[in-house]
Amino acid sequence: MSRAVQATGRALRSVPIAVGRRIRRTTHAQGAGESGLGKLIELHAVHSAGDMLITMALASTIFFSVPTGEARGRVALYLAVTMAPFILLAPVIGPLLDRIPHGRRAAMAGALLARGMLALVIASVVATGGLELYPAALGVMVCSKAYNIVRAAVVPRLLPSTISLVKANARITLTGLVSAGAMAPFGLLLNAVGERLPLYAACLVTIIGAFLSFRLPHKVDLARGERDVHLAELAETRAALARERDGRGGASPLRAAADSPVVKALVANGSLRALSGFLLFFLAFLLRGEALPGLTAAFSLALVGLAAGGGNALGNLLGSLLRDRTPELNLLVILLLALTVTAVAAVSYNAFTVVAVCAAAGICQAMGKLSLDAMIQRDVSEVVRTSTFARTETAVQMSWVLGGAIGISLPLHGPLGMWVAALLVLTGVLASARSLAAAVRRGTAHPRVR
């Protein structure tokens with residue numbers, strides 16, 4: 001009997017050890033272990049697990065626990081109260097982080113710790129759903145954005161020579177999705193026992209993530225003297241702008257910047273993120289009261305959610321498999337894909353086309369973000385890269401909020417919703433497709449960031 005118990009104990013210990021070794025081999029493949037990228041991937045997995053726990057706690061309080069009419073008001077209040085101040089705070093985050101390049105690991109750890117403490121604040125008010133919940137949710141969002149901005153800015157410093165920027169970003173994001181998906185059943189179990197328990201667990205997870213931040217290589221922080229070189233480059237750029245203002249320059253740098261592929265990629269991502277926000281809120285409220293043709297309401301909601309999540313994971317997986325494809329070409333293809341699928345769903349509204357739209361939106365959002373990040377990491381000077389990430393993150397987040405606001409306010413009529421979805425994507429196509437196509441034909445003169 002004792003031998004059987006011992007054998008069972010050894011088997012139970014060996015399974016998580018084997019899984020951990022397999023995960024470590026995957027995250028450290030293709031030189032990621034030697035460069036330090038593997039440690040960043042593991043840190044992001046912990047961050048995503050904490051995000052999932054907090055998101056589940058907020059969703060159960062704001063959306064699922066109240067009737068549809070009241071839920072629309074609560075969701076609108078959440079968007080307004082959290083995102084309006086975020087518009088003002090986000091432009092400050094990037095320049096502030098640019099001023100502390102020697103403390104990027106500390107900045108990531110601080111953002112994680114602050115988010116864990118705010119999870120405890122949310123836990124104290126989650127049962128009542130009072131207004132105190134919303135400032136705390138804003139703080140969680142700001143901390144999460146700050147972490148993601150710094151994380152994206154340091155990826156080029158940890159990039160192995162055998163992995164492209166798009167592939168590295170895809171591997172990080174895909175690992176985060178897997179971690180969040182694995183944490184979801186645990187979060188549901190905790191929420192069933194007590195609605196505060198997921199938030200307590202999130203606090204513990206983020207504290208672990210803060211310690212993992214300091215496992216990143218020292219090269220995550222800028223080397224001594226290197227920032228002076230970047231500041232000299234920035235001074236030269238400012239001097240060129242001054243010459244332009246004095247009328248001695250050539251073509252306007254601001255006009256050139258507005259026509260740059262990075263800006264057009266941001267516009268394309270804005271339309272895709274608006275599509276994602278619109279579908280999330282429009283279908284969430286539509287399917288609570290009106291199921292997809294031939295399906296029940298609960299199954300319809302679960303099906304579109306699974307399609308969107310699966311599409312997002314597939315988009316990141318495709319990004320990790322791409323070999324030497326230009327980000328501009330990726331963006332152009334996924335824009336046309338999103339426009340085609342939404343237009344088909346608008347013309348022929350049924351369960352299959354709606355699920356296809358959700359899956360396509362997930363794929364396109366993931367690949368669009370990977371392409372935008374790669375272009376910023378490739379083309380933007382490191383001295384302003386963090387600020388650029390902060391501003392682009394703000395822009396795409398506000399696009400998501402705009403799409404969500406349209407989804408909340410629109411009449412709950414399925415075909416009408418699909419026409420609006422197609423119009424959102426068409427706006428991005430008209431604004432950016434021509435410039436992206438020209439960039440694909442020209443190619444890029446910028447070398448891949450090492």
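User: How many of the residues in α11 are buried?

Analyst: Of the 29 residues in α11, 22 are buried, which leaves the helix mostly covered. Buried means under 20% relative accessible area, exposed over 50%, and partly exposed in between, with a 1.4 Å probe and protein chains only. This is a predicted model: local features need pLDDT of at least 70, side-chain atom pairs count only at pLDDT 80 or more, and totals for chains, interfaces and linings use all residues. Residues are numbered from 1 along each chain as its sequence is written, and side-chain values use heavy atoms, with hydrogens and water left out.

User: How far does α11 reach, first C-alpha to last?

Analyst: α11 reaches 42 Å, close to the 42 Å expected at 1.5 Å a residue (the expected span is 1.5 Å times one less than the number of residues).

User: And the whole chain: how many helices and strands?

Analyst: The protein chain has 16 helices and zero strands. Both are DSSP runs numbered from the N terminus: helices are H or I of at least four residues, strands E of at least two. Of the 450 residues in the protein chain, 52% are buried.

User: Back to α11. At what angle does it cross α12?

Analyst: Roughly 160 degrees, and the axes of α11 (residues 261-289) and α12 come within 8 Å. That makes α11 roughly antiparallel to α12 (over 145 degrees; under 35 is roughly parallel, 65 to 115 roughly perpendicular, the rest oblique). Axes here are lines fitted to C-alpha atoms, for helices over the stretch in contact, and angles run from 0 to 180 degrees between N-to-C directions.

User: Which residues of α11 and α12 meet?

Analyst: L283, A284, L287 and R288 in α11 meet A297, S300, L301 and V304 in α12. Contact means heavy atoms within 4.5 Å. By class, that contact has six nonpolar residues, one polar and one charged. Ala, Val, Leu, Ile, Met, Phe, Trp, Tyr, Cys and Pro count as nonpolar, Asp, Glu, Lys and Arg as charged, and the others, Gly among them, as polar.

User: What about α12 and α14: how do their axes cross?

Analyst: The axes of α12 (residues 297-321) and α14 (residues 351-379) cross at roughly 35 degrees and come within 7 Å. The contact of α12 with α14 holds 14 nonpolar, seven polar and no charged residues. Among those from α12 are L303, A307, G311 and G315, and the α14 side includes V355, A359, G362 and L370.

User: Which residues does E328 touch?

Analyst: P261, M375, R378, L436, A439 and V440, leaving out residues up to four places away in sequence. E328 lies in helix α13 (residues 327-347) and is buried, with a relative accessible area of 5%.

User: Last one. What is L177 in contact with?

Analyst: L177 is in contact with N312, A313 and N316, leaving aside its neighbours within four places in sequence. L177 is found in helix α7 (residues 165-193) and counts as partly exposed at 31% relative accessibility.
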